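This briefing is for a reader who is new to the structure shown below. Please look over the sequence and the model first, then read the points by topic.

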Number of protein chains: 2
Amino acid sequence: VVLTGGEVDTIAGLLSLRESHAFTLYAAPPVLGVLRDNPIFNVLNPALVPRRAMMPGERVALSDAAGEPLGLTVEAFAVPGKVPLFNEAPEGDDPGRSDEGETIGLALSAGGAELAFVPGCAALPPALKQRLARAHTLLFDGTLFRDDEMIRAGVGRKTGARMGHMSLDGPAGTLATLDGIATRRILIHVNNTNPVLLSDSPERAVVERAGWEVAEDGMEIVLP
Amino acid sequence: VVLTGGEVDTIAGLLSLRESHAFTLYAAPPVLGVLRDNPIFNVLNPALVPRRAMMPGERVALSDAAGEPLGLTVEAFAVPGKVPLFNEAPEGDDPGRSDEGETIGLALSAGGAELAFVPGCAALPPALKQRLARAHTLLFDGTLFRDDEMIRAGVGRKTGARMGHMSLDGPAGTLATLDGIATRRILIHVNNTNPVLLSDSPERAVVERAGWEVAEDGMEIVLP
């Protein structure tokens, strides 16, 4: 298991895994700190689930629980993000961007081609864009279409920026910034307010014209 | 939301509730301590989700998020249990029974009849049995049929007793001890090794002959 951040939707699934299941858990040091600060994660018995710090630029050859190599390597790279919601101050002031390495992206490779997995991204500095350009297939943060769509829909008071997510639309949005990057581009981590989930929405047409797919349950991805 | 213990299967669901959903959270003081010790539960904004200590014998009239009474009262009673697995010592020595109030049962009443809800119970002292005798309908810990069935099935090394659960079978088991208690008796919290889940198993026939039902998804319960 490789964690890309310390937010609830990234780490709570660890609590649903079968007791006494053996695997190795990789995460950035600040995320290992989140797990350490929450004793509920001791339910993962350290004798069966060793925790390993994953540093940006380190290539790790993944193996199964018996130590057999899976023929898959993973490399982490830092991504602008935000501290987990539950570690924000109770009053809800915006803690601002965090580039301390809580949030990472993953480059997976098997054979030769690379797949980049970035479920949360607050901004795209040039070095990150260059890193993503090496991927054949890019799975990228598609949380919101417009930064204020949750407010407009009356379901929340936060913008995408406040939650640590770039949005798809606009001149500094994902569609404009990642135009032409990677052979195959797929939106993941799509919020239920995002109209790209509707196959007949104008917004879906916009992302498809820009060369993006919207991920769906059971999707299989083949690298060349 | 009323918590009956601090084990992962009892509290982790709090992390899957929709953000900014308002409700009141009731739990025994040791369980509120577990939540306090795990900052991930700060995702439940204290302005929207007040936490209230529930003491054995205290009757609480439940209301909805807007404060409207639901016509339902709940009363907690202490039940023998075990500290949560993730708070056990790492080496796995048996921490033994805990009667410190981590584990509670609930008596729900609406109109006049009472339903008792006891998803985990390590033993049945006489006072607890007397308390359960007041219920019209009893939902009770049906984790294992035989104390050693997980070991026999090769899926674990723990007995039911080690996990803080009475088992159904045997002279000190639930079927014998709760014989004749309550008008309607339903097994809940049934482990996937328990043969009573199979409608054609000899063990299912045994529990049915003893006047027990096995709970199922979508079950509706009507009190007289």
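**Overview**

Of the 224 residues in chain A, 46% count as buried. The model is a predicted one. Chain A holds six helices and nine strands, and chain B can be laid on chain A with an RMSD of 0.0 Å.

**Size and surface of chain A**

- A compact globule of 224 residues would have a radius of gyration near 17 Å, and chain A agrees with this because its own value is 18 Å.
- Taken along the principal axes, the box filled by the C-alpha atoms of chain A is roughly 50 × 50 × 30 Å.
- The accessible surface of chain A is about 11000 Å², and carbon and sulfur atoms account for 52% of that surface.
- Considering contacts in chain A between residues at least 6 apart in sequence, 61% of them join residues at least 24 apart.

**The seven-stranded sheet of chain B**

- Chain B has an open sheet of seven strands in the order E3-E4-E5-E6-E7-E8-E9, and the pairing is mixed.
- At the edges of this sheet are strand E3 (59-63) and strand E9 (212-214) of chain B, each of which pairs on one side only.
- On average, neighbouring strands of the sheet are turned by 25° against each other, with direction ignored.
- In general, strands of a sheet pair through backbone hydrogen bonds, and the pairing is either parallel or antiparallel.
- Strand E5 (residues 104-110) and strand E6 (residues 113-118) of chain B run antiparallel and are joined by five bridges.
- Within strand E6 of chain B, B:Ala116 is the residue that stands opposite B:Ala107.

**One residue in helix H6 of chain B**

- B:Glu203 is part of helix H6, which spans residues 202-209 of chain B.
- B:Glu203 has a relative accessibility of 14%, so this residue counts as buried, the cut-off being under 20%.
- Apart from neighbours within four places in sequence, the residues in contact with B:Glu203 are B:Phe145, B:Arg146, B:Pro195 and B:Val196.

**How the two copies are related**

- Two copies of a chain are related by a rotation about an axis and a shift along it.
- The C-alpha of B:Asn38 is the one nearest the axis in chain B, at 2.3 Å from it.
- Both copies use the same surface, as 100% of the contact residues of chain B recur in chain A.

Methods:
Residues numbered from 1 in each chain as written. Chains lettered and ligands numbered in written order. Predicted model: local features only at pLDDT ≥ 70, side-chain atom pairs only at ≥ 80, totals over all residues. Heavy atoms only, no water. Pairing = 2+ DSSP bridges. Helix = DSSP H or I, 4+ residues; strand = E, 2+ residues; numbered from the N terminus. Axes fitted to C-alpha atoms, helices over the stretch in contact; angles between N-to-C directions. Rg over C-alpha atoms; globule rule 2.2 N^0.38 Å. Buried < 20%, exposed > 50% of the residue type's maximum accessible area, 1.4 Å probe, protein only. Contact = heavy atoms within 4.5 Å. Areas by Shrake-Rupley, 256 points an atom, 1.4 Å probe, with all protein chains shown as cover. Least-squares fit on C-alpha atoms with pLDDT ≥ 70 in both.
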